[in-house]
Amino acid sequence: MEQINLDDRLFFRNCSFNSSNEVESFLSDQLFKYGYVKKEYKNAILKREKEFPTGLPSSSPAIAIPHADTNLVNKTTIAVLTLDKAVTFKNMAVINENVDVQIVIMLALSEPHSQVEMLQKIVEIVQSENLRRKICNTNSNQELISLIKKELQGEI
Amino acid sequence: MSKKILVACGNGIATSTVVATKIKKYLAEEGIDAETTQTRLTEVTGKVASYDLLVTTGQFSGQTHGVPYVLGMSLLTGIGADETLKKIKEVLMQNS
């Protein structure tokens with residue numbers, strides 16, 4: 001099975017940012033710092049968010065799933081960030097609508113059309129208000145990491 | 001004959017994977033023979049003419065050359081997903 005490597009250093013809890021650009025810049029920088037993506041990844045993410053936004057409309061807390069070209073990714077992983085106050089993303093399906101996002105899952109995928117199972121599990125999180133609340137209500141980074149690993153990989 | 005569905009998202013790498021998988025599973029259960037191809041939203045207009053149906057996760061307002069179009073966002077969020085799947089089936093059956 002295509003198991004991905006989840007890196008504990010790429011989980012960030014209860015962060016404060018003012019915009020989707022700030023969140024995406026921060027996460028891209030972290031992915032670059034640990035060698036998962038190329039330097040150009042950040043610009044690609046920011047450009048893509050303008051053209052094809054990644055906010056997924058749902059009850060609160062909503063999720064955004066920014067991602068960019070596979071050729072800018074060295075090694076597949078995800079970075080997860082929760083916000084103390086929601087920031088505005090645009091709605092993927094209706095670009096002039098806003099989505100107040102509190103959970104950002106940045107997908108660094110090195111191959112197109114891959115990671116079907118992980119993507120389906122992320123979509124399960126998107127579809128579960130209960131899970132989304134749990135993610136926002138974690139009390140430590142370790143709790144956040146364990147919860148995500150459990151949901152995506154079945155690990156405890 | 002197998003139905004051809006073009007599934008598009010912003011980069012053609014992530015959300016279209018999930019949506020294509022869900023559509024294939026549903027149509028298989030309904031006994032409808034279908035194949036999906038994933039692409040980027042920017043490449044839809046050039047490719048779509050030879051397909052029976054277009055499904056996108058993101059907003060698409062370009063030319064579909066008369067090919068029916070269904071928005072697939074509900075298959076990500078779960079809200080209205082059953083209706084979307086039924087609509088996909090209906091469109092495919094109409095054209096057979």
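Okay, let's start at the interface: between chain A and chain B the rule finds 1 salt bridge, meaning a side-chain nitrogen of Lys or Arg within 4 Å of a carboxyl oxygen of Asp or Glu. Which residues form that salt bridge? Arg40(B) pairs with Asp69(A), and their closest N and O atoms sit 3.8 Å apart.

On the chain A side touching chain B, helix H3 (residues 116-127) gives the largest share, 6 residues; helices here are DSSP runs of H or I, at least four residues, and strands are E runs of at least two, numbered from the N terminus. Sorted by class, that side of chain A has 16 nonpolar, 8 polar and 2 charged residues. Here Ala, Val, Leu, Ile, Met, Phe, Trp, Tyr, Cys and Pro count as nonpolar, Asp, Glu, Lys and Arg as charged, and the others, Gly among them, as polar.

Quick housekeeping: this is a predicted model, where local features need pLDDT of at least 70 and side-chain atom pairs 80 or more, while totals for chains, interfaces and linings use all residues. Residues count from 1 along each chain as written, chains are lettered from A and ligands numbered from 1 in written order, and side-chain values use heavy atoms, leaving out hydrogens and water.

Back to the contacts: 26 residues of chain A meet 24 of chain B, with heavy atoms within 4.5 Å.

Now chain B by itself. Chain B has 4 helices and 4 strands, running β-α-β-α-β-β-α-α from the N terminus. Its C-alpha atoms fill a box of roughly 30 × 30 × 20 Å along the principal axes.
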